[in-house]
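Subject: Structure for you to look at, with notes

Dear colleague,

Please read them with the model open beside you.

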Amino acid sequence: MTVNAISGPRLAWGGPSTGWRQREGRGLMLALAVFIVLFSVMPVGRLIVTAFDGGMIAFWQLIDAPDVWRASRNTLVVALGSAGLAMLIGVGFALILSVTNLRARTALAFIMVLSLMIAPQISALAFKTLAGPASPLLKLMGLAPSPGTPNPMLGQSGIILVMGLHHAPLVAITLASGLASIPRPLIEAARLEGASPWAVVRYIMLPLLKPFLLTAALLVFVAGTGNFGIPALLGLPVGYVTLPTLLFRKLASFGPGAISDAAAISVLIAAIACTGVIAAGLVLARAQNRLESDHRLEPFWDLGRWRPVMEIAVWGFVALTILLPLASLVATSVVPAYGVRLSLESVTLNQYAEVLFRQDLTVRAFRNSLMLAGAAAMSLGVIALVSAYVLDRARPKARAAAFALIELPYAVPGIVLAIACILLFIKPLPLIGVSIYATPWIILFAYHARFYAIALKPVLAAMATLDEAVQEAAVCDGVGLYHRLRHIVLPLVFPAVFAGMLMVFLLAFNELTVSALLWSAGTETLGVALLSLEDSGLGAEAAAVAVAATALVLALMLVMQMMARRLPPDALPWQGLAGPAKARRT
């Protein structure tokens, strides 16, 4: 133990510490340990124990089945195909926004991230309503296929296309962090030596971005492996099954051994996903070379007279792949029935009145999603504040290990986490004899486990910027921990806490992959209701639900944009994608 003349003794757990940290450390560390064990260790551990309950031979027998092999092959095909498409689009967008003098870059980045924040099942429904013979927009333009023509979005190709477009912003966001680490003087030196902008991108930037490119590829592969909403809407109607949809079918069948089969398939999905996540983390950890903010890369490619052409091309692509499918959803939601031609005479708001006020299923689903997402966001805001307060004082290795455990339930596919929660709570817990299975509480628990890391990240970043002297002065005046957290720490980091809460709400409100297996009668969520309406052939009502949910997501993202100035730099994903503040103002 070393001694600091100002701050006192240095604890093994963290950085400079005085007696007040020693007194408070144990209680806060215990609280963090409880959160980690409850939300990460218990569900994942229970899943692994159940999957290997009969040993490796029994586990292999469960997954060595024709339907599992076929679903595994389909999963790898759509994951690899969609990852390739996402890389092509995401890398292009990230480079265009970072190196060129394109205008309205913040708006472009905002729309790109909006397409990612929209639930996958809504994206799938948007493309499904756009491309089929019943499409109101295609009928309006006279381009609709003849009745009875198969919808081109159904099946493998449609899944790859929609999934690739949906995950492209994830590539762009990942690459944005790498672009921020490229030293501006290096680019300026190359330009002074006469290197063309394309030569700078090809021979300097892309080699430096290799770790981030590999990381992005692994992350979108993992996202494609665990995606449930897109294969469910575009694959199941034509019998195209992936591992997540096979898992859904297995558990929904309630046949003999359904739980054991589901646990084994869940471990298989988790193994594929976690391999990619761990590899991405290792690659990214070796590439951490962040520079000071005043040396961040700024646009250096002056498009000159080609700028309007590039802007038309980029906005045209955004309109075709993001705005047009959303417009198709709106058009589908305002016609009397799915397939009716759109016209001034056929426009009606009856579908919205039906799903928002009259239909029990959708009214209940909106209420449940609002309550569950709101409750998860508020409680995780408190948990994130306490956790960040402890982790900020931890040694780097201890902090990294704790955060890895916190992030584990978010790294595994949501449907795998749902199986883990079922296994954990299907029987009353030992000692306390409590089971929350088939109640709203199991969904709320799963949301806490899934989005704990999302709520924590911005708060942890903001906590690192606080001045220790303020708290030490309060301690000298006898202010206790509760009052310091409430009156000193919380006001300083509240914008980050609020941003984390909004992100949790956005993700939980439209969530399907977790609640698809955890809902019971009366606890349907919005994602479950949308899937049920689509399966029942009520396409117009499903579109109205999707449009209403998307409108709420858009409104909350606009709220976050308005409070951007009070947040740490690049706390919002579209800010980092749009580049430095100076470039965003151009």
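Throughout these notes, contact means that heavy atoms lie within 4.5 Å of each other. With that rule, and leaving aside its neighbours within four places in sequence, Thr245 is in contact with Phe228, Pro231, Ala232 and Leu236. Thr245 itself belongs to helix 12, residues 243-253, where helices (H or I, at least four residues) and strands (E, at least two) are DSSP runs numbered from the N terminus. Its relative accessible area is 0%, so Thr245 is buried; buried means under 20% relative accessible area, exposed means over 50%, and partly exposed is in between, with a 1.4 Å probe and protein chains only.

Before going further, please keep in mind that this is a predicted model, in which local features need pLDDT of at least 70 and side-chain atom pairs count only at pLDDT 80 or more, while totals for chains, interfaces and linings use all residues. Residues are numbered from 1 along each chain as its sequence is written, and side-chain values use heavy atoms, with hydrogens and water left out.

The chain as a whole

The secondary structure of the chain comes to 26 helices and two strands, and of its 586 residues 54% count as buried. Among contacts between residues at least 6 apart in sequence, 78% join residues at least 24 apart.

Aromatic pairs

Rings of Phe, Tyr and Trp (for Trp, its six-membered ring) are paired here if their centres lie within 6.5 Å, and planes under 30 degrees apart count as stacked, over 60 as edge-to-face and the rest as tilted. By this rule the count comes to 10 aromatic pairs. One of them joins Phe39 and Phe445, whose ring centres are 5.6 Å apart and whose planes stand at 55°, so the pair is tilted. This pair links distant parts of the chain, since Phe39 sits in helix 1 (residues 19-51) and Phe445 in helix 19 (residues 440-463), 406 residues apart. Phe39 counts as buried at 6% relative accessibility, and Phe445 counts as buried at 9%.

In the pair of Phe110 and Trp574, the ring centres are 5.2 Å apart and the planes are at 75°, so the pair is edge-to-face. Phe110 lies in helix 4 (residues 105-117) and Trp574 in helix 25 (residues 573-578), so the pair ties together parts that are 464 residues apart in sequence. Phe110 is buried, with a relative accessible area of 11%, and Trp574 counts as buried at 0%. There is also an aromatic cluster, formed by Phe35, Phe39, Phe425, Phe445 and Tyr452.

Helix 24 and its partners

Angles under 35 degrees count as roughly parallel, over 145 as roughly antiparallel, 65 to 115 as roughly perpendicular and the rest as oblique. The axes of helix 14 (residues 307-333) and helix 24 (residues 539-562) come within 8 Å and cross at roughly 125°, and these two helices are therefore oblique to each other. On the side of helix 14, Leu326, Leu329, Val330, Thr332 and Ser333 meet Gly539, Ala540, Ala543, Ala544, Ala546, Val547 and Thr550 in helix 24.

Helix 23 (residues 526-535) also has an axis that comes within 8 Å of that of helix 24, with a crossing at roughly 155°. That makes helix 23 roughly antiparallel to helix 24. Here Leu526, Leu530, Leu533 and Glu534 in helix 23 meet Gly539, Glu541, Ala542, Val545, Ala546 and Ala549 in helix 24.

Two backbone points to check

Most residues other than glycine have a negative phi. Ala104, although not a glycine, has a positive phi of about 55°; its place is in the loop between helix 3 (66-99) and helix 4, and at 36% relative accessibility it counts as partly exposed. Phi of Ala438 is near 65°, again a positive value in a residue other than glycine. Ala438 lies in the loop between helix 18 (414-425) and helix 19, and is partly exposed, with a relative accessible area of 42%.

Definitions and conventions
Axes fitted to C-alpha atoms, helices over the stretch in contact; angles between N-to-C directions.
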